[in-house]
Amino acid sequence: MSQENVEVVVSALDKWNSGDDTGALESLAADVEVHHNIGRGTPLEGIYQGHAEVRKLWADIRESFAEARFDIARATEHDGVVLVLGTLRLHGTGSGAVADTPFGLVTEFEHGVGKRQFFWTGDQSKALEAVGLAE
């Protein structure tokens, strides 16, 4: 089951990268709780509940960036929780600025779908700590 969960998260990120938000949402429970911890005090930081709020978050991200893409370096399972580490590649819509930042994503599963998800940028240590790992 654990490898299946890893594949679900990786597939959802691939779908998100291609703009398929509906497909990406299929991996998350209807009442999912997404903790968007980008650590910069932006208006998008916060907790989003349910598909409608998550879809709005994603729309806001896409509005702010001409390109936002997850490049996965590592995807593993730890006691039923999926950890993904990689680089978030951003290209600003207005400024044209390009930024690559490390990200960590932790997804807790219930009944085969993501029930809670935690997302950090800039520092992967919090994601590692969330699954009991230290680097």
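User: What makes a charge count as sitting over a ring?

Analyst: A charge sits over a ring if NZ of Lys or CZ of Arg is within 6 Å of the ring centre and within 35 degrees of the ring normal. In this predicted model, local features need pLDDT of at least 70, side-chain atom pairs count only at pLDDT 80 or more, and totals for chains, interfaces and linings use all residues. Residues are numbered from 1 along each chain as its sequence is written, and side-chain values use heavy atoms, with hydrogens and water left out.

User: Which residue has its charged end over the ring of Trp16?

Analyst: Arg62 does, at 4.0 Å from the centre of the Trp16 ring. The limit is 6 Å, so the charged end of Arg62 counts as sitting over that ring. Trp16 also belongs to one aromatic cluster with Trp58, Phe70, Phe103 and Phe119.

User: How do you know whether Phe118 and Trp120 are buried or exposed?

Analyst: Buried means under 20% relative accessible area, exposed over 50%, and partly exposed in between (1.4 Å probe, protein chains only). Phe118 has 18% and Trp120 has 12%, so both count as buried.

User: What is said of Asp79 and His111?

Analyst: Asp79 has a positive phi of about 50 degrees although it is not a glycine, and His111 has one of about 55 degrees, also without being a glycine. Because its relative accessibility is 81%, Asp79 counts as exposed; His111, at 77%, counts as exposed too.

User: What makes a set of grid points a pocket, and which residues lie nearest the centre of the largest pocket?

Analyst: On a 1 Å grid over the protein atoms alone, a pocket is an open set with protein on both sides within 12 Å along at least five of seven lines, whereas a cavity is a set of points where a 1.4 Å probe fits but cannot get out. Lining residues have an atom within 4 Å of a point. The largest pocket is lined by 34 residues, and His36, Ile61, Phe70, Leu88 and Phe119 lie nearest its centre.

Methods. Phe/Tyr/Trp six-rings, centres within 6.5 Å; stacked < 30°, edge-to-face > 60°.
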